[in-house]
Amino acid sequence: MCRLFAITSDNPLSPMKAIEALDVMREGHDGSGVGIFLRDLGGPFENMKDAPILSGVFSEKGLRRLDTFMMEIGFMTKYKLSIKVPKTPPPWVPKRDIYLVRAYEYPEEWDGLSRKELHERLLIIRLQLREMGEEKKDMIVFSFWPDTIMIKEIGSPMDVANYLMLDRPELEARIIMAQGRQNTNYEINLYACHPFFIQGFSTMTNGENTAFIPIREYLISRGFHGYMGYQSDSEVFTHILHYISAKLGLGIEAYKHIITPLQNEDLKDHPNAFFLKQLKHSCRRLIIDGPNCIIGCLPNNTLFMAQDRKKLRPGVVGGKQGVFAFSSEICGLDAALPDRDKSKDFQPMHLDTAIVSPERQEVKICRQTDQLPLPL
Amino acid sequence: MSSNRPITPSTLSVKDLPWQIIWDKDKCTLCGKCTAVCPVNAIELGVFRKRSIETSMGLESTPSNDFKIYYGIRQKTDPAYSCVGCAMCNLVCPNDAIIPAKSDEADKLRYHINQGGQPRRRGGRRGTPDSLLDMIKFIRISMLTDPALDAGRHEFELTTLLGRILSPEENLSFLNENGWIPPVREIYPLMIGGMSFGALSPNMWEGLQLGVSYLNEELSMPVRICTGEGGCPPRLLRSRFLKYVILQIASGYFGWDEIIHDIPDMKEDPCAIEIKYGQGAKPGDGGLLMWYKVNKLIAAIRGVPTGVNLPSPPTHQTQYSIEESVAKMIQSMSMAWGFRVPVYPKISATSTALAVLNNLTRNPYAAGLAIDGEDGGTGAAYNVSMNHMGHPIAGNIRDAYLNLVKTGMQNEIPLIAGGGIGKNGNLAANAAALIMLGASCVQIGKYIMQAAAGCLGSETDRCNICNIGLCPKGITSQDPRLYRRLDVDKVAQRVVDVFLSFDTELKKIVAPLGRSTSLPIGMSDALGINDYNAANRLGIKYVV
């Protein structure tokens, strides 16, 4: 079972904050990999919030192909973070040529495009790069999105972080999500590493989604090109979130009503009973069957945690005004925010979604039995 | 027969018959119960002459003959009276003196059972005990990475949906715009399929209905039962229990005059309307109620004269194309109940099923598709139809499901699978396998007759005389002397037993797979089979 940690803070923090929290929870992961998602960036990226940032791992050859490809479209490099790594990687970490974090200027022809169109094109480019990389095995692309950096690598989180020297001011961010992997496959594919990302939405999960195959079939059959990959059963959580938000226009409060709808007994007394019954029927193929704890980030920088119906995975949220953290275990929370009021820690149960909005004033607990904010 | 007498081509010996009656003279009390109960008069009182030779030990006395008469049971060899193996003789015998035994080689009767040029007709189902469904195993067991669940104590929500479900996008937009949202029923995934009032005896029908009502009202299990094509007794049509009933209309339209006239008096809408276009046991053939069974009651409910054969045509005669057959009929039936009742067609499994399915996906009133495989049962059909016509259910359901996946409509049109589920007694395993191949729901007929009423029929040709109204258990007979053998309440009790035990077994299957919050429709990664070609064909794992 993997370990998860996420933090949202008024002041930009080093990714090491999350790595340290993962490190105290190391009994729960086997050091087979780490994935980091950074959002609401500080450092040099603070002043280029709209510039799309490409994150990935490239070989020298892949980088040259990337440059040609991007230049042909008209993207100009605006800022790049060079991660120079020591010659010998730590145990289990493969030798890579380049860990890329690069912000781009949009092509001039894209001026005046609607936001929706822009988002579509960014997704298509990411998917094209992924396809190119899979063909020649020379690039792995995690995200291509404004104000977003993702880093993933095989190995123990602390070893990888030290090796990549993540404790650098350029990588400071107000939202950090990190996952320490517990490997359940022999070969580790970086595309199977959490967090997953699509058009501003990102989630990471622990546990196994036993309803994976029918959900994957359903998402693929939506006819949306972004619903692909699925090297991990957990990627569907990100795509379901994207689907209900981007395609159905529903808010995060409805997420759990889709993945773990209320049972009929509870539903009949709900103030939105009719609406939720309809949703339960028409989104039936998106019902997950856990056990999973999901932590995610929305495009508007809202952070959330939700549990599946069985609530068999640990998860806790705590903090204080201005900084809140979500963690698999309380020891992770203690490591990151020792001076919080622990009596206010909350462990979301089978009906709860814990939400921290970008203002970071409080943890809002949304229970499925509560009235849903409609119209959604 | 003397050895020097001519014999006819169809003169058979007891050995040539499929069943031989083994009778024990020592145990027999000559009570006559067996000859009285035999539904086909295969046995009769026999008077046997026996010679015994007395040889003496002495020199003076000579050996002598003694002719004696004894009475016993004689098995008839006329093809018309051949034993069907039902073993009712054994059931009624106070001393266990008699039992039919299956012949140790293929019978010769099969070549003679067409006297007068009439091919064999019978009830039951395909004469093959094999079952591909029985070969499917559930292999994705949750181990440590995701804990298996406790089937006895965990909460489960295993209902399914019957009705046209909108896509999420349409559903939300129709909710906003007050658009028409098709009726959807939440039902139990195991339903009792269409067996008509007429095919079944009144006691059997009432017992099934009673059991279903009990499951709903006392145990909150939303089990549904389909009427089959034979109408519905008016008292049920006007009762609140109608909501547990799926009314079937088929090509003979039997009983629909009564149903249509009763619509204004209905307190509840029926669960759904099933339009039968085909039946798995005899695809391309219409329903058949033979004259033996058309008594006054049946005739009244169906609106026909008594004592005539009631063959439904193979197709709906007023229609000539798929648009007519499917689209207009579905729409008309929907309209009859004010668009409040789901209407779906039932077809035989066939290699052309996808054409029907594709047509339904474009019909917003189509509430599902029931597909009945070659192993389905029937009350009466030609032997050749039953044994050689039709398509297996597993491949057909899988193709249909994957076709829906391709078009993204796997949630919108529920597939109902039927035909051979529980053929060898493995009801829950077969049902779960079909659900994981893509069915939303499964239908049973034969199984419930066997389990709830003690039907004796088998795939190795035991009994199977449902067609002639002589069912020795009173299940498919319209003769009160036979059907009074069946206790209505006891049938209802057995229906409840069957569903409760099925429910436990279904949980014992899904819990180790880690599933509890929804029925695992299409969870094909859980399935494996040790036949490489079958695995490829079904898109499941080949396991050895």
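The C-alpha centres of domain 1 and domain 2 of chain B lie 43 Å apart. Domain 1 of chain B covers 14–118 and domain 2 covers 132–542, with bounds that come from an automatic or database domain assignment. Eight residues of domain 1 of chain B are in contact with eight residues of domain 2 of chain B, where contact means that the C-beta atoms of two residues, placed from the backbone, lie within 7 Å. On the domain 1 side, the touching residues divide into seven nonpolar, one polar and no charged. For that sorting, Ala, Val, Leu, Ile, Met, Phe, Trp, Tyr, Cys and Pro count as nonpolar, Asp, Glu, Lys and Arg as charged, and the others, Gly among them, as polar.

A word on what is on the screen, before I go on. This is a predicted model, in which local features need pLDDT of at least 70 and side-chain atom pairs count only at pLDDT 80 or more, while totals for chains, interfaces and linings use all residues. Residues are numbered from 1 along each chain as its sequence is written, and chains are lettered from A and ligands numbered from 1 in the order in which they are written.

Let's stay with chain B as a whole. Its secondary structure comes to 17 helices and 21 strands; these are DSSP runs numbered from the N terminus, helices being H or I with at least four residues and strands E with at least two. Along its principal axes, the C-alpha trace of chain B spans about 115 × 60 × 45 Å. The radius of gyration of chain B is 27 Å, which agrees with the value near 24 Å that a compact globule of 544 residues would have. That radius is taken over C-alpha atoms, and the globule rule is 2.2 Å times the number of residues to the power 0.38. Buried residues make up 50% of the 544 in chain B. Here, buried means 20 or more other C-beta atoms within 10 Å of a residue's own, exposed means 12 or fewer, and partly exposed is in between, with C-beta atoms placed from the backbone.

Now please find strand β18 of chain B, residues 415–418. B:Leu415 and B:Ala417 point one way, B:Ile416 and B:Gly418 the other way, and all are buried. In a regular strand the side chains alternate between the two faces of the sheet. Which strands join β18(B) through bridges? Strand β16 of chain B (369–372) runs parallel to β18(B) and is joined to it by four bridges, and strand β19 of chain B (441–444), also parallel to β18(B), is joined by three. Strands count as paired if DSSP finds at least two bridges between them. B:Ile416 stands opposite B:Ala370, and its bridge partner in β19(B) is B:Cys441. Together with helix α13 of chain B (427–437), β18(B) and β19(B) make a right-handed β-α-β unit: with the strands pointing away from the viewer, the path from the first strand over the helix to the second runs clockwise.

There is also an open sheet of three strands in chain B, with the order β6-β20-β21 and mixed pairing. β6 (137–138) and β21 (541–542) stand at the edges, each with a single partner strand, so one side of each is left without a neighbour in the sheet. β6(B) runs antiparallel to β20(B), residues 527–529, and two bridges join them. B:Lys137 stands opposite B:Gly528 in β20(B).

On to chain A, which has ten helices and 16 strands. Its radius of gyration is 20 Å, close to the 21 Å that the globule rule gives for 376 residues, so chain A is as compact as a globular protein of that length. Of those 376 residues, 52% count as buried.

How do the two chains meet? In total, 33 residues of chain B are in contact with 28 residues of chain A. On the chain B side, α4 (168–177) and α12 (393–407) are the elements that give two or more residues, and α4(B) gives the largest share, five residues. That side divides into 14 nonpolar, 13 polar and six charged residues.

Let me finish with helix α5 of chain A (212–220). Is it mostly covered or uncovered? Mostly covered, with seven of its nine residues buried, including A:Ile213, A:Arg216 and A:Tyr218. The buried residues of α5(A) pack against α6 of chain A (235–247) together with α12 of chain B.
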